[in-house]
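Please look over the chain shown below.

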Amino acid sequence: MFEISNQVLTVTLSPKGAELQSIYHRANQLEYLWDANPAFWSKKSPVLFPIVGGLKNNSYTFQGKSYQLSRHGFAREKDFAVTAQSTNSISFTLIADQETKKVYPFDFRFTLIYTLVNNTLTVEYLVENTGKEPLYFSVGAHPAFKVPLVNGTVFSDYSI
């Protein structure tokens, strides 16, 4: 696990899937992310790449060859490398390899940059085509927030 923090927030992230594990408000002692209860859903904030959603029969054809790609792609299950880190920022990178090319025949570099400024966490998604073919992809986030956050509130009290 990796951590970035400032005076307001502490954020914990896993290199597996470059996934957020915790967004903790220090002064209020509040955890904002879902607890990943496996009885309901064991993820907290998976990164969706190279597709968002699913394909019919988990299959697609590119240049006459059929490929199998599961719902939301493979990034959430891959180990990302930490390519930069400071007190309040961290970058994770995933690069195409033989395993990814079995299901997604493209050369790419996919980087996520998490940065804390005051009470705000920003996430940048950088997708670089490192090959010669056009790069077809979609990217998304699936954060699960913990609600209600405080006693005396209910789910319908919250909105994004």
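Does Phe2 count as buried, partly exposed or exposed? Phe2 counts as partly exposed, at 26% relative accessibility, where buried means under 20% relative accessible area, exposed over 50%, and partly exposed in between, with a 1.4 Å probe and protein chains only.

This is a predicted model, in which local features need pLDDT of at least 70 and side-chain atom pairs count only at pLDDT 80 or more, whereas totals for chains, interfaces and linings use all residues. Residues are numbered from 1 along each chain as its sequence is written, and side-chain values use heavy atoms, with hydrogens and water left out.

**Overall build**

- The chain has one helix and twelve strands, these being DSSP runs numbered from the N terminus (helices are H or I with at least four residues, strands are E with at least two).
- Read from the N terminus, the elements follow the order β-β-β-β-β-β-β-β-β-α-β-β-β.
- Along the principal axes, the C-alpha atoms of the chain fill a box of roughly 55 × 35 × 25 Å, and 39% of the 160 residues count as buried.

- Strand E1 pairs with strand E2 (residues 9-14) in the antiparallel sense over four bridges, and Ser5 stands opposite Thr10 in E2.

- Strands E8 and E9 (residues 89-95) pair in the antiparallel sense over four bridges, with Ala81 opposite Thr93 in E9.
- Strands E10 (residues 108-117) and E11 (residues 120-129) pair in the antiparallel sense over ten bridges, and Leu116 stands opposite Leu121 in E11.
- The hairpin of E10 and E11 has two residues between the strands, and Asn118 takes a positive phi near 55 degrees there.

**Aromatic pairs**

- The count comes to 17 aromatic pairs, taking rings of Phe, Tyr and Trp (its six-membered ring) as paired if their centres lie within 6.5 Å, with planes under 30 degrees apart counted as stacked, over 60 as edge-to-face and the rest as tilted.
- The rings of Phe2 and Phe92 form an edge-to-face pair, because their centres are 6.1 Å apart and their planes stand at 80 degrees.
- Phe2 lies in strand E1 (residues 2-5) and Phe92 in strand E9, so this pair ties together parts that are 90 residues apart in sequence; Phe92 is buried, with a relative accessible area of 0%.
- The rings of Phe49 and Phe110 have their centres 4.3 Å apart and their planes at 20 degrees, so they count as stacked.
- Phe49 belongs to the loop between strand E5 (47-48) and strand E6 (59-62) while Phe110 belongs to strand E10, so this pair ties together parts that are 61 residues apart in sequence.
- Phe49 is buried at a relative accessible area of 0%, and Phe110 is likewise buried at 0%.
- One aromatic cluster has among its members Phe49, Phe110, Phe62, Tyr104 and Tyr136.

**Loop between E5 and E6**

- Gly54 also has its place in the loop between E5 and E6, and at 54% relative accessibility Gly54 counts as exposed.
- The C-alpha atoms of Gly54 and Leu69 are separated by 8.2 Å, although these residues are 15 apart along the chain.

**Largest pocket**

- The lining of the largest pocket has 25 residues, of which Ile23, Tyr32, Pro143, Phe145 and Ile160 lie nearest its centre; a pocket is an open set of points on a 1 Å grid over the protein atoms alone, where a 1.4 Å probe fits and protein lies on both sides within 12 Å along at least five of seven lines, and lining residues have an atom within 4 Å of a point.
- Strands E3 (19-25) and E11 each supply at least two residues of this lining, and E11 gives the most, with four residues.

Note on methods: Pairing = 2+ DSSP bridges.
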